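I opened this notebook to record what I looked up in the structure. The entries follow in the order in which I took up each topic.

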Amino acid sequence: MKEIHLFVPILVALLIILVTTWLFSRLFTLLRLPAVIGEVLGGVVLGPTAFGYFFPSVSTAVFNPDVHFALFVLSNLGICLFMFIVGMETDFHGFKGKLMKEAAILSGAAIIVPFALGILFGTIYFDVFKGTNTGIVQFCVFLGSALAITAFPVLARMLQENNLIKTKLGSLALMSASMQDVISWIFLSYVVASATGAGTGAGQTVYTFLLLLAFLGLEFFIVRPLLAKVVAKLDPDNPSDAGKLLRLVIILLLLNVLVANLIGLNSLFGGFVTGLIVPKNKALIRLYSSRLEALGVIFLLPIFFALSGLSTNLLMLGKMNVLLPSVIIMLVAFAGKYFSSLFSLKAMGYSWRQSSAVGGLNNARGLMELIIANVGLTYGIITGALYSLLVLLAIISTLLAMPIYKLSISSRLPNSP
(Lines give C-alpha, C1' and ligand atoms only; values in the text may rest on other atoms or scores of the structure.)
Protein backbone atom coordinates (compact mmCIF):
# COMPACT_ATOMS: atom_id res chain seq x y z
CA MET A 1 0.00 0.00 0.00
CA LYS A 2 3.04 2.23 -0.32
CA GLU A 3 1.52 3.94 -3.36
CA ILE A 4 -1.36 5.35 -1.27
CA HIS A 5 1.03 6.86 1.28
CA LEU A 6 3.05 8.44 -1.54
CA PHE A 7 0.05 10.24 -3.00
CA VAL A 8 -0.14 13.02 -0.37
CA PRO A 9 3.64 13.83 -0.38
CA ILE A 10 3.57 14.02 -4.18
CA LEU A 11 0.57 16.37 -4.05
CA VAL A 12 2.39 18.58 -1.52
CA ALA A 13 5.49 18.73 -3.73
CA LEU A 14 3.37 19.53 -6.81
CA LEU A 15 1.55 22.33 -5.00
CA ILE A 16 4.85 23.87 -3.84
CA ILE A 17 6.30 23.64 -7.34
CA LEU A 18 3.28 25.04 -9.18
CA VAL A 19 2.71 27.92 -6.75
CA THR A 20 6.40 28.92 -6.65
CA THR A 21 6.94 28.83 -10.41
CA TRP A 22 3.62 30.62 -11.02
CA LEU A 23 4.51 33.44 -8.60
CA PHE A 24 7.90 33.94 -10.26
CA SER A 25 6.38 33.85 -13.74
CA ARG A 26 3.79 36.47 -12.71
CA LEU A 27 6.53 38.66 -11.24
CA PHE A 28 8.56 38.47 -14.44
CA THR A 29 5.47 39.16 -16.54
CA LEU A 30 4.79 42.32 -14.51
CA LEU A 31 8.41 43.35 -15.06
CA ARG A 32 7.93 42.71 -18.81
CA LEU A 33 10.50 39.94 -18.76
CA PRO A 34 10.13 36.40 -20.21
CA ALA A 35 7.77 34.43 -17.96
CA VAL A 36 9.60 31.17 -18.69
CA ILE A 37 12.77 32.57 -17.09
CA GLY A 38 10.73 33.43 -14.02
CA GLU A 39 9.64 29.79 -13.86
CA VAL A 40 13.25 28.65 -14.23
CA LEU A 41 14.31 30.94 -11.38
CA GLY A 42 11.42 29.62 -9.31
CA GLY A 43 12.82 26.13 -9.78
CA VAL A 44 16.34 27.30 -8.83
CA VAL A 45 14.98 28.91 -5.65
CA LEU A 46 13.54 25.53 -4.59
CA GLY A 47 16.97 23.91 -4.90
CA PRO A 48 20.19 24.05 -2.85
CA THR A 49 20.86 27.63 -3.98
CA ALA A 50 18.11 28.98 -1.70
CA PHE A 51 15.39 26.79 -0.12
CA GLY A 52 17.63 23.73 0.15
CA TYR A 53 20.44 25.87 1.56
CA PHE A 54 18.43 27.55 4.33
CA PHE A 55 16.05 24.65 5.06
CA PRO A 56 17.94 21.47 4.09
CA SER A 57 15.92 19.10 6.29
CA VAL A 58 12.59 20.42 5.00
CA SER A 59 13.81 20.24 1.40
CA THR A 60 14.97 16.64 1.90
CA ALA A 61 11.64 15.69 3.45
CA VAL A 62 9.49 17.32 0.74
CA PHE A 63 11.59 16.15 -2.20
CA ASN A 64 12.49 12.69 -0.88
CA PRO A 65 13.70 9.97 -3.32
CA ASP A 66 10.22 8.46 -3.87
CA VAL A 67 8.68 11.87 -4.62
CA HIS A 68 11.70 12.77 -6.74
CA PHE A 69 11.18 9.65 -8.87
CA ALA A 70 7.49 10.44 -9.46
CA LEU A 71 8.35 14.02 -10.38
CA PHE A 72 11.10 12.75 -12.71
CA VAL A 73 8.58 10.68 -14.67
CA LEU A 74 6.13 13.58 -14.94
CA SER A 75 8.83 16.08 -15.92
CA ASN A 76 10.14 13.80 -18.66
CA LEU A 77 6.66 13.47 -20.12
CA GLY A 78 6.43 17.27 -20.03
CA ILE A 79 9.74 17.72 -21.84
CA CYS A 80 8.73 15.18 -24.49
CA LEU A 81 5.49 17.10 -25.07
CA PHE A 82 7.37 20.39 -25.14
CA MET A 83 9.94 19.10 -27.64
CA PHE A 84 7.09 17.75 -29.76
CA ILE A 85 5.59 21.27 -29.85
CA VAL A 86 9.01 22.75 -30.70
CA GLY A 87 9.45 20.30 -33.57
CA MET A 88 5.91 20.92 -34.76
CA GLU A 89 6.46 24.69 -34.82
CA THR A 90 9.72 24.29 -36.75
CA ASP A 91 8.59 24.83 -40.32
CA PHE A 92 10.92 25.71 -43.19
CA HIS A 93 8.24 25.68 -45.90
CA GLY A 94 7.26 29.32 -45.43
CA PHE A 95 10.83 30.55 -45.73
CA LYS A 96 12.01 30.99 -49.29
CA GLY A 97 14.27 33.08 -51.46
CA LYS A 98 16.74 35.65 -50.17
CA LEU A 99 15.58 35.49 -46.55
CA MET A 100 16.08 31.71 -46.46
CA LYS A 101 19.60 32.10 -47.86
CA GLU A 102 20.46 34.80 -45.34
CA ALA A 103 19.08 32.70 -42.47
CA ALA A 104 21.19 29.73 -43.60
CA ILE A 105 24.37 31.87 -43.67
CA LEU A 106 23.51 33.40 -40.29
CA SER A 107 22.80 29.96 -38.81
CA GLY A 108 26.10 28.61 -40.09
CA ALA A 109 28.08 31.45 -38.51
CA ALA A 110 26.05 31.39 -35.26
CA ILE A 111 26.68 27.65 -34.87
CA ILE A 112 30.22 27.17 -36.18
CA VAL A 113 31.87 29.92 -34.10
CA PRO A 114 30.29 29.03 -30.70
CA PHE A 115 30.71 25.32 -31.44
CA ALA A 116 34.41 25.79 -32.20
CA LEU A 117 34.82 27.88 -29.06
CA GLY A 118 33.06 25.17 -27.06
CA ILE A 119 35.50 22.57 -28.37
CA LEU A 120 38.47 24.84 -27.59
CA PHE A 121 37.42 25.62 -24.03
CA GLY A 122 36.15 22.08 -23.52
CA THR A 123 39.72 20.93 -24.17
CA ILE A 124 41.16 23.53 -21.80
CA TYR A 125 38.72 22.89 -18.93
CA PHE A 126 38.03 19.19 -19.45
CA ASP A 127 39.58 18.21 -16.12
CA VAL A 128 37.60 20.92 -14.30
CA PHE A 129 34.11 20.15 -15.63
CA LYS A 130 34.19 16.56 -16.94
CA GLY A 131 31.55 14.14 -15.68
CA THR A 132 31.94 10.55 -14.60
CA ASN A 133 30.95 8.98 -17.93
CA THR A 134 32.64 10.89 -20.73
CA GLY A 135 35.75 11.21 -22.83
CA ILE A 136 37.27 14.43 -24.05
CA VAL A 137 35.66 14.19 -27.51
CA GLN A 138 32.14 13.69 -26.15
CA PHE A 139 32.66 16.45 -23.59
CA CYS A 140 33.90 18.95 -26.18
CA VAL A 141 31.06 18.18 -28.61
CA PHE A 142 28.59 18.56 -25.76
CA LEU A 143 29.99 21.94 -24.70
CA GLY A 144 30.04 23.07 -28.33
CA SER A 145 26.37 22.10 -28.68
CA ALA A 146 25.49 23.88 -25.43
CA LEU A 147 27.14 27.12 -26.58
CA ALA A 148 25.66 26.89 -30.09
CA ILE A 149 22.00 26.42 -29.14
CA THR A 150 19.36 29.15 -29.53
CA ALA A 151 15.95 28.84 -27.89
CA PHE A 152 13.58 28.80 -30.86
CA PRO A 153 10.31 28.47 -28.85
CA VAL A 154 11.25 31.11 -26.25
CA LEU A 155 12.46 33.46 -28.99
CA ALA A 156 9.20 32.98 -30.90
CA ARG A 157 7.17 33.92 -27.83
CA MET A 158 9.32 36.97 -27.07
CA LEU A 159 9.01 38.23 -30.65
CA GLN A 160 5.27 37.64 -30.58
CA GLU A 161 4.83 39.49 -27.28
CA ASN A 162 6.73 42.48 -28.72
CA ASN A 163 4.93 42.43 -32.10
CA LEU A 164 8.19 41.67 -33.92
CA ILE A 165 7.48 38.23 -35.30
CA LYS A 166 6.41 39.54 -38.74
CA THR A 167 9.24 42.06 -39.13
CA LYS A 168 12.17 41.25 -41.38
CA LEU A 169 14.66 41.01 -38.51
CA GLY A 170 12.23 39.02 -36.38
CA SER A 171 11.57 36.54 -39.19
CA LEU A 172 15.29 36.24 -39.91
CA ALA A 173 16.18 35.60 -36.26
CA LEU A 174 13.36 33.07 -35.84
CA MET A 175 14.21 31.19 -39.01
CA SER A 176 17.87 31.08 -38.04
CA ALA A 177 17.01 29.86 -34.53
CA SER A 178 14.95 26.97 -35.88
CA MET A 179 17.87 25.88 -38.09
CA GLN A 180 20.33 26.18 -35.21
CA ASP A 181 18.12 24.06 -32.95
CA VAL A 182 17.89 21.22 -35.48
CA ILE A 183 21.65 21.16 -36.05
CA SER A 184 22.45 21.41 -32.34
CA TRP A 185 20.15 18.49 -31.51
CA ILE A 186 21.85 16.36 -34.15
CA PHE A 187 25.21 17.06 -32.48
CA LEU A 188 23.69 16.34 -29.08
CA SER A 189 22.27 13.02 -30.27
CA TYR A 190 25.82 11.99 -31.16
CA VAL A 191 26.99 12.91 -27.65
CA VAL A 192 24.22 10.87 -26.02
CA ALA A 193 24.89 7.94 -28.35
CA SER A 194 28.57 8.12 -27.40
CA ALA A 195 27.79 8.37 -23.69
CA THR A 196 25.46 5.36 -23.68
CA GLY A 197 28.08 3.34 -25.55
CA ALA A 198 31.01 4.62 -23.52
CA GLY A 199 31.22 1.56 -21.36
CA THR A 200 31.35 -0.92 -24.23
CA GLY A 201 33.84 0.70 -26.55
CA ALA A 202 33.84 2.62 -29.83
CA GLY A 203 32.01 -0.17 -31.68
CA GLN A 204 28.88 0.29 -29.59
CA THR A 205 29.03 4.06 -30.14
CA VAL A 206 29.18 3.60 -33.92
CA TYR A 207 26.34 1.06 -33.75
CA THR A 208 24.17 3.48 -31.75
CA PHE A 209 24.90 6.28 -34.21
CA LEU A 210 23.92 4.04 -37.13
CA LEU A 211 20.67 3.25 -35.32
CA LEU A 212 20.09 7.00 -35.01
CA LEU A 213 20.50 7.43 -38.78
CA ALA A 214 18.15 4.50 -39.40
CA PHE A 215 15.60 6.00 -37.00
CA LEU A 216 15.71 9.37 -38.79
CA GLY A 217 15.43 7.70 -42.18
CA LEU A 218 12.42 5.65 -41.07
CA GLU A 219 10.67 8.71 -39.60
CA PHE A 220 11.21 11.09 -42.50
CA PHE A 221 10.93 8.77 -45.48
CA ILE A 222 8.30 6.25 -44.33
CA VAL A 223 6.35 7.45 -41.27
CA ARG A 224 6.02 11.06 -42.41
CA PRO A 225 4.47 10.26 -45.83
CA LEU A 226 2.12 7.71 -44.23
CA LEU A 227 1.04 10.23 -41.61
CA ALA A 228 0.43 12.83 -44.32
CA LYS A 229 -1.88 10.40 -46.14
CA VAL A 230 -3.84 9.71 -42.96
CA VAL A 231 -4.19 13.41 -42.21
CA ALA A 232 -5.37 14.11 -45.77
CA LYS A 233 -8.32 11.75 -45.25
CA LEU A 234 -9.45 13.34 -41.98
CA ASP A 235 -10.96 16.71 -41.17
CA PRO A 236 -9.27 18.44 -38.18
CA ASP A 237 -12.36 20.66 -37.73
CA ASN A 238 -14.56 17.61 -37.24
CA PRO A 239 -14.62 16.68 -33.50
CA SER A 240 -14.60 12.96 -34.26
CA ASP A 241 -11.72 13.20 -36.72
CA ALA A 242 -9.87 15.59 -34.40
CA GLY A 243 -10.00 13.01 -31.60
CA LYS A 244 -8.68 10.29 -33.90
CA LEU A 245 -5.83 12.53 -35.06
CA LEU A 246 -4.84 13.50 -31.55
CA ARG A 247 -4.91 9.90 -30.34
CA LEU A 248 -2.83 8.77 -33.33
CA VAL A 249 -0.21 11.46 -32.79
CA ILE A 250 0.07 10.79 -29.04
CA ILE A 251 0.58 7.07 -29.73
CA LEU A 252 3.23 7.94 -32.33
CA LEU A 253 4.87 10.35 -29.88
CA LEU A 254 5.09 7.75 -27.11
CA LEU A 255 6.32 5.12 -29.57
CA ASN A 256 9.09 7.39 -30.85
CA VAL A 257 10.09 8.32 -27.30
CA LEU A 258 10.33 4.61 -26.49
CA VAL A 259 12.34 3.83 -29.62
CA ALA A 260 14.70 6.75 -28.94
CA ASN A 261 15.42 5.33 -25.48
CA LEU A 262 15.85 1.78 -26.76
CA ILE A 263 18.48 2.79 -29.32
CA GLY A 264 20.44 4.76 -26.72
CA LEU A 265 19.16 8.31 -27.27
CA ASN A 266 17.41 10.68 -24.91
CA SER A 267 13.62 10.51 -24.86
CA LEU A 268 13.22 14.18 -25.76
CA PHE A 269 14.85 13.50 -29.14
CA GLY A 270 11.94 11.18 -29.94
CA GLY A 271 9.49 13.95 -29.08
CA PHE A 272 11.37 16.48 -31.22
CA VAL A 273 11.49 14.20 -34.26
CA THR A 274 7.76 13.42 -33.91
CA GLY A 275 7.02 17.14 -34.05
CA LEU A 276 9.21 17.57 -37.13
CA ILE A 277 7.39 14.88 -39.13
CA VAL A 278 3.86 16.12 -38.31
CA PRO A 279 2.25 17.61 -41.46
CA LYS A 280 2.32 21.42 -41.26
CA ASN A 281 -1.45 21.76 -41.38
CA LYS A 282 -2.58 24.97 -39.64
CA ALA A 283 -5.79 23.45 -38.28
CA LEU A 284 -3.87 20.41 -37.06
CA ILE A 285 -1.18 22.47 -35.33
CA ARG A 286 -3.87 24.66 -33.74
CA LEU A 287 -5.57 21.52 -32.43
CA TYR A 288 -2.39 20.09 -30.91
CA SER A 289 -1.38 23.44 -29.42
CA SER A 290 -4.74 23.99 -27.73
CA ARG A 291 -4.93 20.44 -26.34
CA LEU A 292 -1.32 19.72 -25.41
CA GLU A 293 0.23 23.07 -24.45
CA ALA A 294 -2.01 23.41 -21.39
CA LEU A 295 -0.90 20.02 -20.08
CA GLY A 296 2.73 20.20 -21.16
CA VAL A 297 3.58 23.86 -20.60
CA ILE A 298 1.35 24.88 -17.68
CA PHE A 299 1.44 21.70 -15.59
CA LEU A 300 4.37 19.47 -16.50
CA LEU A 301 7.12 21.97 -17.45
CA PRO A 302 7.18 23.64 -14.00
CA ILE A 303 7.95 20.18 -12.58
CA PHE A 304 10.94 20.02 -14.92
CA PHE A 305 12.05 23.47 -13.75
CA ALA A 306 11.80 22.36 -10.11
CA LEU A 307 13.83 19.19 -10.70
CA SER A 308 16.38 21.25 -12.61
CA GLY A 309 16.53 23.63 -9.68
CA LEU A 310 17.11 20.77 -7.25
CA SER A 311 20.25 19.92 -9.26
CA THR A 312 21.37 23.56 -9.55
CA ASN A 313 23.66 25.00 -6.91
CA LEU A 314 24.86 28.42 -8.04
CA LEU A 315 26.94 28.64 -4.87
CA MET A 316 29.29 26.04 -6.40
CA LEU A 317 30.37 28.61 -9.00
CA GLY A 318 32.03 30.66 -6.24
CA LYS A 319 34.71 28.03 -5.62
CA MET A 320 38.17 29.26 -6.62
CA ASN A 321 38.91 26.43 -9.07
CA VAL A 322 35.57 26.95 -10.82
CA LEU A 323 34.97 30.72 -10.66
CA LEU A 324 37.45 31.89 -13.31
CA PRO A 325 36.63 29.10 -15.85
CA SER A 326 32.91 29.82 -15.31
CA VAL A 327 33.33 33.55 -16.01
CA ILE A 328 35.43 32.81 -19.12
CA ILE A 329 32.95 30.28 -20.54
CA MET A 330 30.04 32.65 -19.83
CA LEU A 331 31.74 35.51 -21.68
CA VAL A 332 32.87 33.26 -24.54
CA ALA A 333 29.35 31.84 -24.93
CA PHE A 334 27.82 35.29 -25.22
CA ALA A 335 30.55 36.78 -27.42
CA GLY A 336 30.61 33.78 -29.76
CA LYS A 337 26.92 34.08 -30.59
CA TYR A 338 26.75 37.86 -30.63
CA PHE A 339 29.79 38.65 -32.78
CA SER A 340 29.31 35.76 -35.22
CA SER A 341 25.77 37.03 -35.87
CA LEU A 342 26.91 40.66 -35.96
CA PHE A 343 29.66 40.23 -38.53
CA SER A 344 27.83 37.72 -40.73
CA LEU A 345 24.81 40.02 -41.07
CA LYS A 346 27.00 43.07 -41.64
CA ALA A 347 28.76 41.19 -44.43
CA MET A 348 25.34 40.56 -46.03
CA GLY A 349 24.57 44.28 -46.15
CA TYR A 350 22.64 44.87 -42.93
CA SER A 351 23.42 47.91 -40.78
CA TRP A 352 25.46 47.63 -37.60
CA ARG A 353 22.32 48.31 -35.54
CA GLN A 354 20.29 45.62 -37.30
CA SER A 355 23.15 43.15 -37.03
CA SER A 356 23.56 43.89 -33.33
CA ALA A 357 19.82 43.44 -32.74
CA VAL A 358 19.80 39.96 -34.28
CA GLY A 359 22.99 39.10 -32.39
CA GLY A 360 21.15 39.83 -29.15
CA LEU A 361 18.16 37.72 -30.17
CA ASN A 362 20.39 34.82 -31.23
CA ASN A 363 21.88 34.74 -27.74
CA ALA A 364 18.56 33.78 -26.14
CA ARG A 365 19.18 30.19 -25.04
CA GLY A 366 16.25 29.85 -22.65
CA LEU A 367 14.69 26.48 -21.98
CA MET A 368 16.70 24.69 -24.67
CA GLU A 369 19.92 25.30 -22.74
CA LEU A 370 18.25 23.95 -19.62
CA ILE A 371 17.25 20.78 -21.47
CA ILE A 372 20.77 20.29 -22.84
CA ALA A 373 22.23 20.81 -19.37
CA ASN A 374 19.90 18.15 -17.95
CA VAL A 375 20.96 15.71 -20.67
CA GLY A 376 24.62 16.33 -19.83
CA LEU A 377 24.09 15.80 -16.11
CA THR A 378 21.84 12.75 -16.56
CA TYR A 379 24.38 10.91 -18.71
CA GLY A 380 27.39 11.86 -16.58
CA ILE A 381 28.93 14.08 -19.26
CA ILE A 382 29.31 17.17 -17.05
CA THR A 383 29.71 18.04 -13.36
CA GLY A 384 27.15 19.79 -11.20
CA ALA A 385 29.22 22.98 -11.43
CA LEU A 386 29.04 23.14 -15.24
CA TYR A 387 25.36 22.23 -15.05
CA SER A 388 24.74 25.20 -12.74
CA LEU A 389 26.78 27.44 -15.05
CA LEU A 390 24.65 26.43 -18.07
CA VAL A 391 21.46 27.14 -16.11
CA LEU A 392 22.83 30.59 -15.26
CA LEU A 393 23.80 31.10 -18.91
CA ALA A 394 20.25 30.22 -19.99
CA ILE A 395 18.79 32.79 -17.59
CA ILE A 396 21.17 35.68 -18.32
CA SER A 397 21.34 35.24 -22.12
CA THR A 398 17.54 35.16 -22.40
CA LEU A 399 17.05 38.17 -20.12
CA LEU A 400 19.50 40.22 -22.23
CA ALA A 401 18.01 39.31 -25.63
CA MET A 402 15.23 41.91 -25.89
CA PRO A 403 17.15 44.75 -24.12
CA ILE A 404 20.00 44.34 -26.64
CA TYR A 405 17.49 44.33 -29.48
CA LYS A 406 15.79 47.50 -28.23
CA LEU A 407 19.08 49.28 -27.56
CA SER A 408 20.31 48.37 -31.04
CA ILE A 409 17.17 49.40 -32.92
CA SER A 410 15.57 52.82 -32.78
CA SER A 411 12.19 53.57 -34.41
CA ARG A 412 13.65 56.93 -35.50
CA LEU A 413 16.21 55.27 -37.73
CA PRO A 414 15.44 54.69 -41.42
CA ASN A 415 16.97 51.20 -41.29
CA SER A 416 14.68 49.97 -38.50
CA PRO A 417 12.86 46.68 -39.27
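I took contact to mean heavy atoms within 4.5 Å. I worked from a predicted model, in which local features need pLDDT of at least 70 and side-chain atom pairs count only at pLDDT 80 or more, while totals for chains, interfaces and linings use all residues. Residues are numbered from 1 along each chain as its sequence is written, and side-chain values use heavy atoms, with hydrogens and water left out.

**Entry 1. Serine 184**

I looked up serine 184 and found its place in helix H10. Helices here are DSSP runs (H or I, at least four residues), numbered from the N terminus. Not counting residues up to four places away in sequence, I listed Ile111, Ser145, Ala148 and Ile149 as what serine 184 touches. Is serine 184 buried or exposed? Serine 184 counts as buried because its relative accessibility is 1%; buried means under 20% relative accessible area, exposed over 50%, and partly exposed in between (1.4 Å probe, protein chains only). I also noted that the C-alpha atoms of serine 184 and glycine 118 are separated by 12 Å, at 66 residues apart along the chain.

**Entry 2. The largest nonpolar core**

I define a nonpolar core as a set of buried Ala, Val, Leu, Ile, Met, Phe, Trp, Tyr and Cys residues joined through side-chain atoms within 4.5 Å. Which residues touch the most other members of the largest core? Among its 129 residues, they are Trp185, Tyr288 and Ile371. Helix H10 (residues 168-196) supplies the largest share of this core, 13 residues. I then followed tyrosine 288 and, leaving aside neighbours within four places in sequence, recorded contacts with Phe84, Met88, Leu245, Leu246, Val249, Val278 and Glu293.

**Entry 3. Helix pairs**

Two packed helices are described by the angle between their axes and the distance between the axes. The axes are lines fitted to C-alpha atoms, for helices over the stretch in contact, and angles run from 0 to 180 degrees between N-to-C directions.

I began with helix H12 (residues 239-262) and helix H13 (residues 267-277), which pack at an angle of about 135° with their axes 7 Å apart. H12 is therefore oblique to H13; angles under 35 degrees count as roughly parallel, over 145 as roughly antiparallel, 65 to 115 as roughly perpendicular and the rest as oblique. H12 passes H13 in a right-handed crossing. A crossing is left-handed if the near helix is turned anticlockwise from the far one by less than a right angle, and right-handed if clockwise. On the H12 side I listed Leu252, Leu253, Asn256, Val257, Ala260 and Asn261, which meet Ser267, Gly270, Gly271, Thr274 and Ile277 in H13. The residues of this contact divide into five nonpolar, six polar and no charged. Ala, Val, Leu, Ile, Met, Phe, Trp, Tyr, Cys and Pro count as nonpolar, Asp, Glu, Lys and Arg as charged, and the others, Gly among them, as polar.

I next examined helix H5 (residues 65-89) with helix H14 (residues 282-310): they pack at about 135°, with axes 7 Å apart. H5 is therefore oblique to H14. H5 passes H14 in a left-handed crossing, and the contact residues divide into 20 nonpolar, five polar and two charged.

For H5 and H12 I noted an angle of about 110° and axes 11 Å apart, so H5 is roughly perpendicular to H12. Their crossing is right-handed. Cys80, Leu81 and Phe84 in H5 meet Val249, Leu253 and Val257 in H12; by class, this contact has six nonpolar, no polar and no charged residues.

**Entry 4. Single residues**

I placed valine 40 in helix H2 (residues 35-46). Valine 40 is buried because its relative accessible area is 5%, and its contacts, leaving aside neighbours within four places in sequence, are Phe305, Leu370, Val391 and Ile395.

Serine 356 lies in helix H16 (residues 352-362) and is buried, with a relative accessible area of 10%. Its C-alpha atom is separated by 7.2 Å from that of tyrosine 405, 49 residues apart along the chain.

Arginine 247 is found in helix H12 and counts as exposed, at 55% relative accessibility.

Last, I looked up arginine 32, in the loop between helix H1 (2-30) and H2. Arginine 32 is exposed, with a relative accessible area of 79%. Most residues other than glycine have a negative phi. Arginine 32 has a positive phi of about 60° although it is not a glycine.

How values were computed:
Helices (H or I, at least four residues) and strands (E, at least two) are DSSP runs, numbered from the N terminus.
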